[in-house]
Amino acid sequence: MSSRRLPPNFGKGLHLWQYPNQLAPYLAWLARNASGVSSYMEIGCRWGGMFILVTEWLRNSGADLKTVIALDPIAPTPFLSAYFDLPQQQAAIEPIYMQDVSTSPLVGAHVDRLKPDFVFIDGDHSLRGALRDHLLVRSRARIIVHHDIHSQACPDTTLLWKALKQFEAPSFDMFEFTSQYPSVNGSFLGIGAMKRRSAQM
């Protein structure tokens with residue numbers, strides 16, 4: 001696929017930024033691992049496109065979702081607010097939007113109370129910030145997914161993922177979705193998924 005084919009589609013659809021050749025295998029993996037997921041949290045949801053996609057994907061892949069939490073410092077976008085207001089969404093799942101930073105005591109209290117078992121980390125992209133988000137959910141989550149793990153534009157999150165693959169290896173199995181397009185000069189984006197081994201829970 002030529003990178004020239006993508007720009008005409010920017011700003012449309014779900015408002016998410018992910019290479020199709022990374023997103024598709026990630027969703028396929030997620031479908032195989034959705035069973036048992038009852039709560040999903042996204043740290044750094046921005047427009048909400050990935051949050052909506054993953055929530056719906058989980059619902060249609062056998063997950064028994066009870067709670068979904070979107071966290072971002074900005075106010076919920078009209079796009080995300082409309083999704084939260086859908087009658088079928090309200091009936092099936094408790095949707096929570098937190099306009100806050102992940103370091104706030106309120107967010108920590110919600111994590112302790114809700115115990116999300118699947119967390120997507122795409123917030124603070126500094127090494128310290130991304131590690132802090134990881135540690136926030138590490139003891140609770142069964143699946144932790146990090147964004148921008150293979151990106152020259154995000155050296156800190158790329159470095160963190162390399163470190164986590166070593167430090168978390170005793171407790172988690174690691175999966176990477178980092179394919180690139182030859183027509184793009186450089187390496188960007190990338191998704192890294194960690195699934196806790198059942199014996200550790």
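Mentor: Residues are numbered from 1 along each chain as its sequence is written, and side-chain values use heavy atoms, with hydrogens and water left out. As the model is predicted, local features need pLDDT of at least 70 and side-chain atom pairs count only at pLDDT 80 or more, while totals for chains, interfaces and linings use all residues.

Trainee: Why is α6 called oblique to α7?

Mentor: Helix α6 (residues 127-137) and helix α7 (residues 155-167) pack at about 45°, with axes 8 Å apart. That angle makes α6 oblique to α7, because angles under 35 degrees count as roughly parallel, over 145 as roughly antiparallel, 65 to 115 as roughly perpendicular and the rest as oblique. Axes are lines fitted to C-alpha atoms, for helices over the stretch in contact, and angles run from 0 to 180 degrees between N-to-C directions. The helices themselves are DSSP runs (H or I, at least four residues), numbered from the N terminus.

Trainee: Which residues make the contact of α6 and α7?

Mentor: From α6 come L127, A130, L131 and H134, and from α7 come D156, T157, L159, L160 and L164; contact means heavy atoms within 4.5 Å. Six of the contact residues are nonpolar, two polar and one charged. Here Ala, Val, Leu, Ile, Met, Phe, Trp, Tyr, Cys and Pro count as nonpolar, Asp, Glu, Lys and Arg as charged, and the others, Gly among them, as polar.

Trainee: What makes up the contact of α1 with α2, by class?

Mentor: Helix α1 (residues 20-32) and helix α2 (residues 49-59) pack at about 35°, their axes 10 Å apart. L23, L27, L30 and A31 of α1 meet M50, L53, V54, W57 and L58 of α2. That contact has nine nonpolar, no polar and no charged residues.

Trainee: What makes a set of points a cavity and not a pocket?

Mentor: On a 1 Å grid over the protein atoms alone, a 1.4 Å probe fits in a cavity but cannot get out, whereas a pocket is an open set with protein on both sides within 12 Å along at least five of seven lines. Lining residues have an atom within 4 Å of a point.

Trainee: Which residues line the largest cavity?

Mentor: I121, D122, G123, D124, H125, A130, H146, H147 and T157 line that cavity, which has a volume of about 40 Å³. The lining divides into two nonpolar, five polar and two charged residues.

Trainee: How many residues line the second largest pocket?

Mentor: Its lining has 19 residues, with W17, G44, C45, R46 and D122 nearest the centre.

Key: Helices (H or I, at least four residues) and strands (E, at least two) are DSSP runs, numbered from the N terminus. Grid points are joined across faces, edges and corners, and a volume is the space filled by probe spheres set on the points.
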